[in-house]
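Q: Could you take me through this model, one topic at a time? I would like to begin with how the secondary structure is assigned.

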Amino acid sequence: MMDLHFWLPVLVLFTSLGAAAIIFWLDENNSRMRSSINLAAAGIKILLVIWILVGVSQGEVYETRFTLLTGIDFVLRADALGVMFAGLSSLLWLFTTLYAIGYLEGTPNRRRFFGFFSLCVASTLGIAFAGNLFTFLIFYELLTLSTYPLVVHKGTDKALRAGRLYLIYTLGGGVVLLAGVLWMHSLAGDLSFAATGQLDALLPEQASTLKWIFLLLIGGLAVKAAMVPLHGWLPEAMVAPAPVSALLHAVAVVKAGAFGIVRVVYDVYGITLSYQLGLLLPLGIAAAITILYGSLRALAQQDIKRRLAFSTVSQVSYIALGISLFGPAGTIGGLVHLLHQGLMKVTLFFCAGNYAETLGIHKIQQLNGAGRRMPGTSLAFTIGALGMIGLPPIAGFISKWYLATGALHADMDWVLLVLILSSLMNAGYFLPLLYRIWFCPQQGEWPQERVLGRWDTSLWLLIPPLVTASLSLLAGLLAASDFSPLAWVQLVTTREYLP
Amino acid sequence: MLSWLTEGPSLLPWLVILPLLWSILSLTAGQRLQPLIATTAVGLILLATLLVLLQWLQRGDHFYSLGDWAVPLGIRLRLDGLALLLLLLTSGITSVCTLHAGRYLQEYPRAKTYFWPLLAFCWAAMNVIWLSADLFNLYVGLELLGFSAVGLVALTGEKKALAASLRYLYAALLGSLAWLLGVALIYGHQGQLDISSLALTFTDSISGQAALALMTLGLLLKMAAFPLHSWLPPAHASALPPVSALLSGLVAKAAFYILVRLWLEMAPDNLTFSAAQLLGALGAAAVFWGGWMACRQQQLKMLVAYSTVAQLGYLLLLFPLTTGTGEEATRLAWEGGWLQLTSHALAKAAMFLAAGNLVLAMGRPDLPGLHGAGRYLPFSLLGFGLAGVSLMGLPPSGGFMAKWLLLQSALLSGQWWWILVLLSGSALSAVYIFKVYQQCYVESDNPDRFRQPALVLDLSALALALLALALGILSAWPQWLISTALPGGAA
């Protein structure tokens, strides 16, 4: 039994690593085998994560640990927070894989695509389960490497340019993060995410050093989390195929950055120490600026995917904002948004991909009357968009409710203002889309219509957004039940605040 | 078996004798017997290496006196953890290169006649250097290595290769000459050449200083340290791929190995702070210049060759990081430096083999030739790509572990400028590696112009690249092996 506790986190990683290896080995044209392996791996992974989830909720510890170098361990450890992120990633991986199979049908280089796609998920799970900063760094860099081929997948000049920009940002961020991890390591040794109060002994002499390290760590992570002014890569990376955008924006990359920030604040510094050092307020202000700036830019975009991209810039920083509110309610709001935003954003990107694939719609003006032609997709899009605005009973409302409560508890009333302004702008950039979709008549021909099956579009493309949209609805409706994202986040928060 | 390992005769001389025998045999035997001889010889050398490893695990560091003559008259071979690491590395990489060459040479039938004797000779010379315990022996090793390497570069008989090998020859001769002068000075003054004996008696005299300066200069020329590097890129780029892999992976490191033995073992007290910083500065200059030049190359193999110049630069950081920096920082730098050498050897050998395969498949040597390769040459690219990960120092790879240790050492000793060098050097290497990667994603108009390289060619590159990556996860054992050889004992 002990052995299983040791191997389970590795096993979760190996389901996607193994899938990647087999997919690279398979012939390009053997798409049926490739899809089966992809889906089987995704299914097994979800089962394993559920197993861990149940175990962790009962207080079990799953930890893989071995020594890499003297004084440095490789640690994979499934704690409540890690399982939360792992659960989100493996769930969305399944739907994104389904979607990608339909989306890429008949296009070249699918072997490369799905191989790196699996690697990307393996890295994300590594990030979720990383038990110390060093292990986190390994998977963080691996994520950069495995997403690059997805960003440049199309091989056009534009894609290559976006890839270059992506690398400059993320590798640059990686170097900054490395510097922070290195400095921290030489100051305090191999810090485990599991222990608490490890840095307290360094106070008060090293207070300013700790602040500098915090700046480096967060600076490195903020690149992937797309915090202003380090967000420039994200809108450009929109050139990638829709499932990649969905994955980059909803789970893998931006969430890896946000999740890293959560780890640093709660598990490296500890929330109390972060507060004492006065690190939370600057983080909160940076997040607030990002939220407002992202929304403002989103208003100005005429391309659907770019508007969604700036919306991501804005929405992901809700997570950082929640963390920076010192108090359980803010924590709950930030963490639960990590899950909710994932569900809603992935839905929106799936739908944007459907409009583009089926009708050739890329611009907002072209959406007129799309609701009549593609009712299923449009319904999912509507749920996602309303959720983003924060309309009850969709998941986004729960996030904003807790964030607002947290702000009041923390006596940071200005955060409330930020939330209200941002919600207004969310409405400002989503409602016109919904209006065009449902209430404007179609104008002339669709730009590039393809008939894919008897529904809106092919079922591969239609079912994933419908499922994720329903999940975001359910996450809001059943928030009070024991099986909701909120319930798990409350468990995480209890454990973070009561060591 | 166990008693034989502890008490039986040492197998060290066989590591030199076997490749020499192979060389002579294959020179006299006809073309048809070559593969048989090569297979047998490689098998025997690998076996001998394995037994030497087992012997070392039982006995620890030990010497072997040739013909039972004692020092100072006789010649001694010396095996410690460091020598063992390089022996293992040499056996591993050279046998993979042999495998690769066995198939690749079918493209170059003309080169076959002299390839095997020269390769075996080169192997013998490297083993002589790893095992030598005295300065003259090292001279012999350097000369043999230089000549066989020059011969290997010239093998293709192409005009470019001949010109490059001639430059290489001049550099090698000049380097050996400087080394020999230094040796002569030391012998004239001290009357002996055994490194461990000299370590006890070496004095800070003018002639001693002059000798050290001359020998260092010779070695820097031989290891292509900035600004004495210009012979290296054309030589490494124009040779046959298995030869390039051998030269960049192993041969270029021989001079560095001797340099470390010379300064840190024989004359540690003579290495002043400023001299060590100067060596480090040369290394840093190589990192930047080599990286910058690699970014500007349009030919695949030239890019890889300039990357060698840059990566060899990191090795020189070992000197400033171990000189007067305290116990912990010295240990970290020592382990990091040799781990860097190990991972670079594996990754660069893999990369040259893969680059050779790609050039063969593309039928042209330039980067735009890679357009469309993503679809048609996935395996050749995989080897190249994975080797690149280690060269950039991204995790999980040996290159990352090495850089981590070096960075730690620099931070601990407060020499923050080396941190900047290491970090910006990595960024620069990412630029030129991704410059290659990115070409592979461009789709080509004319897709079926590639010819698939034989599987064994791709597999040999892939095997070395995977080893370089595995070094990032399984670095604990090599790290221990290196740490046993830290000069000044376990201090």
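A: Helices, of at least four residues, and strands, of at least two, are DSSP runs numbered from the N terminus. Please note that this is a predicted model.

Q: With that in hand, what are the helix and strand percentages over residues 132-428 of chain B?

A: That span of chain B is 80% helix and 0% strand. Its end C-alpha atoms are 36 Å apart.

Q: What does UniProt place there?

A: The unreviewed UniProt entry places the feature "domain: NADH:quinone oxidoreductase/Mrp antiporter transmembrane" at residues 132-428 of chain B.

Q: And which residues of chain A does the UniProt annotation cover?

A: In chain A, the annotation "domain: NADH:quinone oxidoreductase/Mrp antiporter transmembrane", again from an unreviewed UniProt entry, covers residues 130-424. That span is 77% helix and 0% strand, with its end C-alpha atoms 37 Å apart.

Q: How many helices and strands are there in chain B as a whole?

A: Chain B has 21 helices and two strands. Its radius of gyration is 22 Å, close to the 23 Å that the globule rule gives for 491 residues, so chain B is as compact as a globular protein of that length. The C-alpha trace of chain B spans about 70 × 55 × 45 Å along its principal axes.

Q: What share of chain B is buried?

A: Buried residues account for 60% of the 491 residues in chain B. As for contacts in chain B with a separation of 6 or more, 81% are between residues 24 or more positions apart.

Q: Where does α18(A) bend?

A: The bend, of about 30 degrees, is at F430(A), and a proline, P432(A), follows within four residues. F430(A) is also one of the buried residues of α18(A), which include V415(A), L419(A), S422(A), N426(A) and Y429(A).

Q: What do those buried residues pack against?

A: The buried residues of α18(A) pack against α12 (280-300), α13 (304-324), α15 (370-373), α16 and α17 of chain A.

Q: And α7 in chain B, how many residues does it have?

A: Helix α7 of chain B, residues 159-190, has 32 residues and reaches 46 Å, close to the 46 Å expected at 1.5 Å a residue.

Q: Now the backbone in chain A. Which residues does a cis peptide bond join?

A: One cis peptide bond joins V228(A) and P229(A), with omega about 5 degrees. P229(A) is found in the loop between α7 (207-224) and α8 (233-236) of chain A. Another cis bond joins P392(A) and P393(A), also with omega about 5 degrees. P393(A) lies in the loop between α16 (375-389) and α17 (395-409) of chain A.

Q: Why do these deserve mention?

A: Most peptide bonds are trans, and most residues other than glycine have a negative phi.

Q: On that note, what is phi at N109(A)?

A: Phi of N109(A) is positive, near 60 degrees. N109(A) lies in the loop between α3 (80-103) and α4 (110-129) of chain A.

Q: And D411(A): what is its phi?

A: D411(A) has a positive phi near 55 degrees, and D411(A) sits in the loop between α17 and α18 (413-439) of chain A.

Q: Is D411(A) buried or exposed?

A: D411(A) is exposed, because 10 other C-beta atoms lie within 10 Å and a residue with 12 or fewer counts as exposed. N109(A), with 19 such atoms within 10 Å, is partly exposed.

Notes. Residues are numbered from 1 along each chain as its sequence is written. Chains are lettered from A and ligands numbered from 1 in the order in which they are written. This is a predicted model: local features need pLDDT of at least 70, side-chain atom pairs count only at pLDDT 80 or more; totals for chains, interfaces and linings use all residues. UniProt positions are given in the numbering used here, feature names are shortened, and annotations may be inferred rather than shown by experiment. The radius of gyration is taken over C-alpha atoms; the globule rule is 2.2 Å times the number of residues to the power 0.38. A residue is buried if 20 or more other C-beta atoms lie within 10 Å of its own, exposed if 12 or fewer, and partly exposed in between; C-beta atoms are placed from the backbone. Two residues are in contact if their C-beta atoms, placed from the backbone, lie within 7 Å. The bend at a residue is the angle between axes fitted to the seven residues ending there and the seven starting there. The expected span of a helix is 1.5 Å times one less than its number of residues.
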